[in-house]
Amino acid sequence: MRVTRGKQLRLSQGQLLGCGVHTFGYDYIRKTPTSRPQMIINEREAEIVRYLFETYASEQIGLDRIAKRLEDMGAITKTGKKLWRRSFLKTVLRNETYLGVKYFNTMRCIREYANPIYDIKHSTLKRINRNREDWIGVEVPAIISRELFDRVQDRLKDNRKRYRNPRQAQLLSTLVRCGCCGGSVYAYRRWERSKRKGPPCVLHSMAYKCNWRFRQQLHSKNSQISRCTNREIKGPLLEGRVLAMVKEVMLDPAKLRECMDFFREDAHAAELRLEKEVKAINGRLEALHEQKRRIIDIYASGDLSRDGYVEKNRELDGMIETLNARSKELAENTVLLHKAGAIDTAIAQYCEGARVRLNKCGSDPSSMRAFMLQYVEKIVHLNGKVSLHGRVPVRHEQGNDTETNTLPFCIESEVTREERYLEKMRTAEAMRYQQSVALLREQSASDLRETERL
Ligand SMILES: [Zn+2]
């Protein structure tokens with residue numbers, strides 16, 4: 001935060017500023033004409049802060065477990081919520097204010113431009129840390145001792161040194177949604193240990209799991225949250241099914257057309273709208289003709305001059321002409337709706353394009369993923385049921401200009417029992433192979449020892 005001169009003066013006098021003072025564990029008291037602003041300890045929150053620091057420093061449990069414990073104890077956040085998150089606990093553990101000094105002037109903003117020739121609209125403000133010597137500290141009551149704080153920082157630092165697998169995008173990463181809670185589904189690498197007798201060995205595989213399904217288990221059993229019941233699915237099963245759906249339905253224009261429920265509904269609605277307008281125009285036309293007839297009557301009775309009669313008739317004829325033109329246009333539009341030809345061509349083109357693209361991919365994982373990202377909008381998975389959503393662009397001519405609309409489609413399918421069985425067999429086969437290799441290795445090692453002994 002940038003500190004202006006007035007603020008700098010107040011800071012140098014040891015006064016708190018009003019920004020960033022809502023630290024968990026403290027209450028902020030605004031300044032009055034007679035007293036300075038103050039941060040005082042909020043005993044209820046400070047108790048939680050102490051508990052958090054002490055537990056993290058002395059017990060070998062993670063922040064997720066601590067969050068769960070806090071929920072079990074019925075602790076409440078500053079905003080009155082009952083759920084605790086790891087990320088919040090981490091910011092508390094890193095906050096130096098608990099040592100008794102609240103620091104200001106710790107950050108500054110710099111403006112970053114996507115391109116130097118762009119104007120200010122294309123820039124973002126980025127906060128960066130200032131050097132420590134620029135920080136201005138103001139004394140507040142301490143909650144934690146220096147020794148405890150340092151122990152916690154050591155453990156946090158150790159955690160950062162631990163090895164974590166780098167992120168890897170799987171074939172359907174970011175495309176899958178949960179059919180139960182609507183949340184995102186992530187792909188993760190998992191392993192299975194052999195349960196059979198013989199040398200122990202593990203098999204590496206991958207699965208897609210609902211994000212919330214994973215995160216809900218980080219909260220206490222007593223917490224009132226809606227829970228997701230969607231089970232995870234093995235990677236090869238889901239990917240195999242999606243590929244089969246693409247090959248069987250998405251590349252086949254006739255089958256793909258059947259998956260466009262939305263389109264049929266839209267066309268029906270459009271037809272109704274057109275019908276309504278045509279009806280209205282017909283009514284207006286009838287009224288105009290009636291008016292013409294009445295004018296003849298008036299003219300015949302001698303109440304209207306010849307010039308007046310001609311003028312009125314011309315006016316009415318003009319209106320009738322415009323309405324007729326509109327009516328014709330509407331009729332053409334309705335025909336276009338029924339002219340499935342344009343749409344069928346678009347679908348055929350789409351399928352052909354997808355087929356060519358898919359053939360080019362071969363078995364290369366990264367180009368397969370690029371194909372999925374281009375042709376698949378999302379995949380929804382719910383306990384074995386899979387639906388694939390996408391859009392077909394349709395170009396149609398409207399008067400002089402061409403418009404491109406997209407028609408959504410949804411392919412529904414389910415992982416078959418046969419696929420599950422085959423996947424199970426494949427896993428068992430791979431496990432057997434691993435074990436036989438491990439067995440051979442063991443044998444050759446013992447043989448080697450034997451020969452060495454002799
Ligand atoms: Zn879910």
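Two notes on the model before I start. Residue numbers count from 1 along each chain as its sequence is written. Because the model is predicted, local features need pLDDT of at least 70 and side-chain atom pairs count only at pLDDT 80 or more, while totals for chains, interfaces and linings use all residues.

Three strands make up an open sheet, ordered 8-9-10, with antiparallel pairing. Strand 8, residues 185-193, and strand 10, residues 233-234, are the edges; each has a single partner strand, so one side of each has no neighbour in the sheet. Strands here are DSSP runs of E with at least two residues, helices are runs of H or I with at least four, and both are numbered from the N terminus. Two strands count as paired if DSSP finds at least two bridges between them. Between strand 8 and strand 9, residues 202-210, there are 9 bridges, in the antiparallel sense. One of these joins R189 to M206 in strand 9.

Staying in strand 9, take Y208. Is Y208 buried or exposed? Y208 is buried, because 25 other C-beta atoms lie within 10 Å. The cut-offs are 20 or more such atoms within 10 Å for buried, 12 or fewer for exposed, and partly exposed in between, with C-beta atoms placed from the backbone. Leaving out residues up to four places away in sequence, Y208 has contacts that include L172, V176, V185, A187, I233 and H381. Contact means C-beta atoms, placed from the backbone, within 7 Å. The C-alpha atoms of Y208 and P236 are 9.6 Å apart, at a separation of 28 residues along the chain.

For contrast, I110 sits in strand 4, residues 107-113. I110 counts as exposed because it has 10 C-beta neighbours inside 10 Å. With residues up to four places away in sequence set aside, I110 touches K126 and I128. I110 and K126 are 16 residues apart in sequence, and their C-alpha atoms are 5.3 Å apart.

Note on methods: Contact = placed C-beta atoms within 7 Å.
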